[in-house]
Amino acid sequence: MANSIAALRVLEKEGGIALAEKCDFVAGHSLGEYTALCAVGSFSLADTARLLKQRGQAMQSAVPLGEGAMAALLGADIEKAQALADAAAEGEVCTVANDNDSSQVVISGHIGAIERAIAMVKDFGIKRGVSLPVSAPFHCPLMQPAADAMAEALEAIPPGALRVPLFANVTAAIVTDPAQVRSLLVDQVTGRVRWRESAIAMADAGVERFVEFGGKVVGPMIKRSAGEVETASVIGMDDIEALVPDLRAAGTRGSRGYTVEAAVPFATLSDLMGRATGPGATLRIGLFRAEFRPGALVDAPDNWISWVRPATTE
């Protein structure tokens, strides 16, 4: 978290880049989801650190040492991993914890079940199972005591407004409502990190370039999942200096080749329709773009709207 936020803050300060103006979405893998929320102002840096300390302590104490384990399944897709986990459980907890990409899935649960799963990988067409050196079985039902603890922690330190929408780990879908963010962060403690699905969903939403701050781990996973997209890693000053010109040249968030004409609040559907500029105009509503048709109903996730027109080229 510290490395990622430090790199981002240097980019913003030294490069004069505002994340909210250049980024369409954010996402973070497991603990990284808190980092992503800090990056978009939903949590302060201090509150992020406090919550992560509480989360780590709660997850560590949820299961006694030696009772849980995790394993990485190499050469496994989600279907093979789930079938293996189901077969290995034998009445114990054994479930998919992280769906990282099309060739790597992590399982979590009771140590006996995980050991059985590792021994059975070849039977399910999986290349290899590797026990992970972790202190607890994260992202599985055994973490329920930790989830309960985080529900209390997030009640005391709730997320605030997000300057940029988040793709949530447990749903692989867009979330902007702070109350929903809080609920999903609790679910994340026992739930699956749907990273592969998130990468595909972001690409389907029009994202063509992904930038990883503070490391070079999740970017390659995204590349393997989302296909023909660009990925970049920002760790040191050389990376920041290389990225700044590209971001300065990029359009503002959400425009995707359109020039924003105006952004206005609205209270009712009739108020919205009263602001129309005529047939053929294009609406930017929340995160979605739709051709305006007089009399059509509009499903808007947020009470804001931007009128846009195609950007001119010379």
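A crossing of two helices counts as right-handed if the near helix is turned clockwise from the far one by less than a right angle. Keep that in mind for the first stop, and remember throughout that you are looking at a predicted model.

**Stop 1: H1 and H11**

Select helix H1, residues 2-15, together with helix H11, residues 237-249. Their axes come within 10 Å and cross at roughly 55 degrees.

Now show side chains. On the H1 side, pick Ala7, Val10, Leu11, Glu14 and Gly15; they meet Met237, Ile240, Leu243, Val244, Leu247 and Arg248 of H11. Colour this contact by class and you get 8 nonpolar residues, 1 polar and 2 charged.

**Stop 2**

Next, select strand E3, residues 104-110. Of its 7 residues, 5 are buried, so E3 is largely enclosed by the rest of the structure.

Which strands pair with it? One is E1, residues 68-74, which is antiparallel to E3 over 7 bridges. To find your place there, look for Leu74, which stands opposite Gln104 in E3. Another is E2, residues 94-101, also antiparallel to E3 and joined to it by 6 bridges. Here, click on Val96: its bridge partner in E3 is Ile107. E2 and E3 make a hairpin, with 2 residues between them.

**Stop 3: Asn98**

Stay in strand E2 and centre on Asn98. Is Asn98 buried or exposed? Its relative accessible area is 9%, so Asn98 counts as buried. Leaving out residues up to four places away in sequence, Asn98 touches Gln104, Val105 and Val106, plus His29, His139 and Val193.

**Stop 4: H5 and H6**

Finish with another helix pair: H5, residues 78-89, and H6, residues 111-120. Their axes come within 8 Å, crossing at roughly 125 degrees, and H5 and H6 are therefore oblique to each other. The crossing of H5 and H6 is right-handed.

For the contact, select Leu84, Ala87, Ala88 and Ala89 in H5, which meet Ala113, Arg116, Ala117 and Met120 in H6. By class, that contact has 7 nonpolar residues, no polar ones and 1 charged.

Methods:
Residues are numbered from 1 along each chain as its sequence is written. This is a predicted model: local features need pLDDT of at least 70, side-chain atom pairs count only at pLDDT 80 or more; totals for chains, interfaces and linings use all residues. Side-chain values use heavy atoms; hydrogens and water are left out. Buried means under 20% relative accessible area, exposed over 50%, partly exposed in between (1.4 Å probe, protein chains only). Helices (H or I, at least four residues) and strands (E, at least two) are DSSP runs, numbered from the N terminus. Two strands pair if DSSP finds at least two bridges between them. Axes are lines fitted to C-alpha atoms, for helices over the stretch in contact, and angles run from 0 to 180 degrees between N-to-C directions. Contact means heavy atoms within 4.5 Å. Ala, Val, Leu, Ile, Met, Phe, Trp, Tyr, Cys and Pro count as nonpolar, Asp, Glu, Lys and Arg as charged, and the others, Gly among them, as polar. Angles under 35 degrees count as roughly parallel, over 145 as roughly antiparallel, 65 to 115 as roughly perpendicular and the rest as oblique.
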